[in-house]
Amino acid sequence: MFIKNFRDLIREAHKWEYTLINDETIWVLYFTGFQYAFILIAIVCSLYVNLPSDNGLVDYLATGLSLFAGILFSLTLTLYDRFGKINFTEYHESVSYPKFKEGGRLLNFYRKTISLSLYAAILAIICIILLVLIAIIPEEYNRVLCDYINSFGNLASLHKIIIPLVYVLKCLTYYFLLDFIYITIHLITSFYDLIFSDINKVNLKQ
């Protein structure tokens, strides 16, 4: 059940990454252009940028992400509470087609924001786990560890396994951090889309 729920959440969040609240689909490829750029940036950063674990940066990032995860989960509960108070019977197509369209946009807004909020919270948790792993296994110590083990077991190829794994770990960390920021901004723009579309309906001219 846990795996199914997790898979369904990821699938739903990916769907709403490419869908506007008016049901307009902007799907092109599995990743957006931004996310392909994030993959490239993550690969470059993993090779040339180091996340030092001894100056508190990793601690600050992990603490900030844990706060964001809590805020996003609280936002999800608030949205769900407000959703439960909406009477969608007044948006039925039999009542009024414009109201039906408005109700569809409102329903899509809640679907999109709730799924993206939970997805962003999961990304924050994944980033925290990766940052903890980076803090536990700093890159500069891996080569020392390999040399130490090699001196006993003569496992000359061990560093050929561990060192690439460290770079993969760093690459994943950079990518998920960038993707977390992207999904959060995407979530904010969803609020903007609904709020300002309602504001723009107001006409003060007689």
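**Figure 1. Salt bridge between Asp8 and Lys4 in a predicted model.** Asp8 pairs with Lys4 in a salt bridge, their closest N and O atoms lying 2.9 Å apart; the term denotes a side-chain nitrogen of Lys or Arg within 4 Å of a carboxyl oxygen of Asp or Glu. The two residues are 4 residues apart in helix α1, and therefore about one helical turn separates them. Helices (H or I, at least four residues) and strands (E, at least two) are DSSP runs, numbered from the N terminus. Asp8 is partly exposed at 30% relative accessibility, as is Lys4 at 44%. Buried denotes under 20% relative accessible area, exposed over 50%, and partly exposed the range in between (1.4 Å probe, protein chains only). The model is predicted: local features need pLDDT of at least 70, side-chain atom pairs count only at pLDDT 80 or more, and totals for chains, interfaces and linings use all residues. Residues are numbered from 1 along each chain as its sequence is written, and side-chain values use heavy atoms, with hydrogens and water left out.

**Figure 2. Salt bridge between Lys85 and Asp81.** The side chains of Lys85 and Asp81 form a salt bridge with an N to O distance of 3.3 Å. Lys85 is exposed, at 66% relative accessibility, whereas Asp81 is partly exposed, with a relative accessible area of 42%. The count of salt bridges is 2.

**Figure 3. Aromatic cluster of Phe83, Phe109, Tyr110 and Phe191**. Rings of Phe, Tyr and Trp (its six-membered ring) pair if their centres lie within 6.5 Å; planes under 30 degrees apart count as stacked, over 60 as edge-to-face and the rest as tilted. The count by this rule is 6 aromatic pairs. In one of them, the ring centres of Phe109 and Phe191 are 5.2 Å apart and the planes stand at 85 degrees, so the pair is edge-to-face. This pair links distant parts of the chain, 82 residues apart: Phe109 belongs to helix α4 (residues 97-136) and Phe191 to helix α6 (residues 158-199). Phe109 is buried at 5% relative accessibility, while Phe191 is partly exposed at 23%.

**Figure 4. The largest nonpolar core, with 30 residues**. Such a core is a set of buried Ala, Val, Leu, Ile, Met, Phe, Trp, Tyr and Cys residues joined through side-chain atoms within 4.5 Å. Leu65, Leu72, Tyr119, Leu123, Phe176, Phe180 and Ile183 have the most contacts inside it. Two or more residues come from each of α1 (2-17), α2, α3, α4 and α6, and α4 gives the most, with 11 residues. The protein chain has 6 helices and 0 strands, and 36% of its 206 residues count as buried.

**Figure 5. Nonpolar surface patch including Val49**. Leu40, Ile43, Val44, Leu47, Tyr48 and Val49 make a patch of about 600 Å². Patches consist of residues with over 30% relative accessible area and no salt bridge, like charges being joined within 9 Å and nonpolar side chains (Val, Leu, Ile, Met, Phe, Trp, Tyr) within 5 Å. Accessible areas come from the Shrake-Rupley method with a 1.4 Å probe; for residues, only the protein chains shown count as cover. Val49 lies in the loop between α2 (33-48) and α3 (57-84) and is partly exposed, at 37% relative accessibility.

**Figure 6. Cysteines Cys127 and Cys171.** Cys127 is buried, with a relative accessible area of 0%. Cys171 is in no disulfide, the nearest cysteine sulfur, that of Cys45, being 9.0 Å away. A disulfide is a pair of cysteine sulfur atoms within 2.5 Å, and the count by this rule is 0 disulfides.
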